[in-house]
Amino acid sequence: MTESFHRSGEYENPYEGQQQAPVNPEWPPPPAYAPAHAPHPKKRGRGPLALIAAVAIVAAAIGGGTAYGIQELTGNDTVASSSTSTNVVPSSQKGTVAGVAKAVSPSIVEISANSNAGSSTGSGVIITSGGEIVTNNHVVAGASQIKATTSDGKSYTAKVVGTDSKKDLALIKLENASGLKAATLGDSAGIQVGDQVVAIGSPEGLSGTVTSGIISALDRDVTVPTEEDQGQGQQWGQGQGQGDQWPFEFGGRQFNGDTGNDTTTYKALQTDASLNPGNSGGALIDMNGNIIGINSAMYSPTSQASSSSDAGSVGLGFAIPINTVKADLAKLRAGSTD
């Protein structure tokens, strides 16, 4: 894994009048209603027909398709979710790394976690204005104290809400936070090899670092240690003399060290965007500014005996698809400790 370990306009609706199934059954749109200014057609069904007219539809910037933004109200916070690719980046900077960085950086935090083994640094993605943050489980596993710092330098104490070690995911919540800029969760099912992406995180504690690249492969079966092994010095970085890097396994071979006996495997997006220790839990983003993955692992060519200062990205990074995250949110919010 990749955390650092330290010592111490309007659009005409072509489907109006047709029965439409929800685009993503896991993320249902809000209740149907008819716009106040809508004309009265001769024949109009109720329910889903009025729903489509109530949702703003925009043209996707990549692939020439169409998309629309949908939201799910959960608890006291709202998660912004895109069925395909909502334009989060201003039109004047559409398709540029600078535009993506400007639009999404306020939604990425640096996470510092303290435990009996020392302190580690990772990243996280704000998903609600009230301070819900998605990160990797290995970033916060075993932590007795968690602090998150936003892009404007404000620091918050955070508590773990739920964890899922089998998917290497965790949900934390900032205390006394409000008015934060939530990221828009995209749709990783539409990602293709060759799509341009941007990664934002805090490698080696350098918060707000932006890198870019492409999706280089899909559905990689990446195997990593679960929480039971995460307290045994198998984390990225030096940390109290421990030089072990975060190990993972692919294709029957182990990289960056021994994965141990208790492991989990997930389907990952592979990217050549530069990921380094500390990028864990940060965002992999499409060129419209939608989060399509949570960065979780990288390959480093250094040996187990080398110090983490010698480690570096060689263009082999892995991210948990955002659809996996969305499918797991209800479980995390319910306080899962799997």
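I took contact to mean heavy atoms within 4.5 Å. Before looking further I noted that this is a predicted model, in which local features need pLDDT of at least 70 and side-chain atom pairs count only at pLDDT 80 or more, while totals for chains, interfaces and linings use all residues. Residues are numbered from 1 along each chain as its sequence is written, and side-chain values use heavy atoms, with hydrogens and water left out.

I looked up Val134 and found that, leaving aside residues up to four places away in sequence, Val134 touches Gly124, Val125, Ile127, Leu169, Ala170, Leu171, Gly281, Ile294, Val325 and Leu329.

I then turned to the nonpolar cores, each a set of buried (under 20% relative accessible area, 1.4 Å probe, protein chains only) Ala, Val, Leu, Ile, Met, Phe, Trp, Tyr and Cys residues joined through side-chain atoms within 4.5 Å. The largest nonpolar core has 33 residues, and Val104, Val125, Ile127, Val134 and Ile291 have the most contacts inside it. Helix 4 gives the most to this core, with 4 residues. Apart from this core lies another of 15 residues, among them Ile133, Val140, Tyr156 and Ile172.

In helix 4 I found Ile322, Asn323, Val325, Lys326, Asp328, Leu329, Leu332 and Arg333 buried. After helix 4 comes Gly335, with a positive phi near 90 degrees.

Last, I checked the whole chain, where 50% of the 338 residues count as buried.

Definitions and conventions
Helices (H or I, at least four residues) and strands (E, at least two) are DSSP runs, numbered from the N terminus.
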